[in-house]
Amino acid sequence: MLTITGEVRKVLPSSYTNRKTGEEVSQAVLVLEPSNERQNYEITFNSKQLQNGVVAEWECLKGKIASIEVMLYVNHQHGFHKFSAAGNGKPTEGKS
């Protein structure tokens, strides 16, 4: 697990439709801007984390510095990586 710290920019809905069942699966993306880099981090929340109210918690932190624990998925074949929120997806205790 990794911890990412940065300024909370926005939380965007990112739902998709499951091809097999036709149901809409809720997801969201948190955008954090690190203080020492130009490229923002995008962290994905799954539907279970959304049910626990993480979006409202992160919305309250817009413009403030916060930290989140993430898992990193790397696909070398297609050349991309993805951060997913770990655990409950809430800000970690050490936020400033």
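**Figure 1. F83 is a buried residue of this predicted model.** The relative accessible area of F83 is 10%. Buried means under 20%, so F83 falls in that class. F83 belongs to strand β7, which covers residues 80–85.

**Figure 2. Y41 and F83 form an aromatic pair.** The centres of the two rings lie 5.6 Å apart. Their planes meet at 90°, so the pair is edge-to-face. Planes over 60 degrees apart get that label. Y41 sits in strand β5, residues 41–45. Its partner F83 sits in strand β7.

**Figure 3. Y73 and F80 form a tilted pair.** Here the ring centres are 6.1 Å apart. The planes stand at 55°, so the pair counts as tilted. How accessible is Y73? Its relative accessibility is 46%, so Y73 is partly exposed. F80 has a value of 39% and is partly exposed too. The structure holds 3 aromatic pairs, including this one.

**Figure 4. T92 lies in the segment after β7.** Is T92 buried or exposed? T92 counts as buried, because its relative accessibility is 19% and the cut-off is under 20%. Which residues does T92 touch, leaving aside neighbours within four places in sequence? T92 is in contact with S67, I68 and E69.

**Figure 5. The protein chain has 2 helices and 7 strands.** Read along the sequence, the pattern is β-β-β-β-β-α-α-β-β. The radius of gyration is 14 Å. The globule rule gives 12 Å for 96 residues, and the two values are close, so the chain is as compact as a globular protein of that length. Along its principal axes, the C-alpha trace spans about 45 × 35 × 20 Å.

Figure 6. Of the 96 residues, 30% count as buried.

Note on methods:
Residues numbered from 1 in each chain as written. Predicted model: local features only at pLDDT ≥ 70, side-chain atom pairs only at ≥ 80, totals over all residues. Heavy atoms only, no water. Phe/Tyr/Trp six-rings, centres within 6.5 Å; stacked < 30°, edge-to-face > 60°. Helix = DSSP H or I, 4+ residues; strand = E, 2+ residues; numbered from the N terminus. Buried < 20%, exposed > 50% of the residue type's maximum accessible area, 1.4 Å probe, protein only. Rg over C-alpha atoms; globule rule 2.2 N^0.38 Å. Contact = heavy atoms within 4.5 Å.
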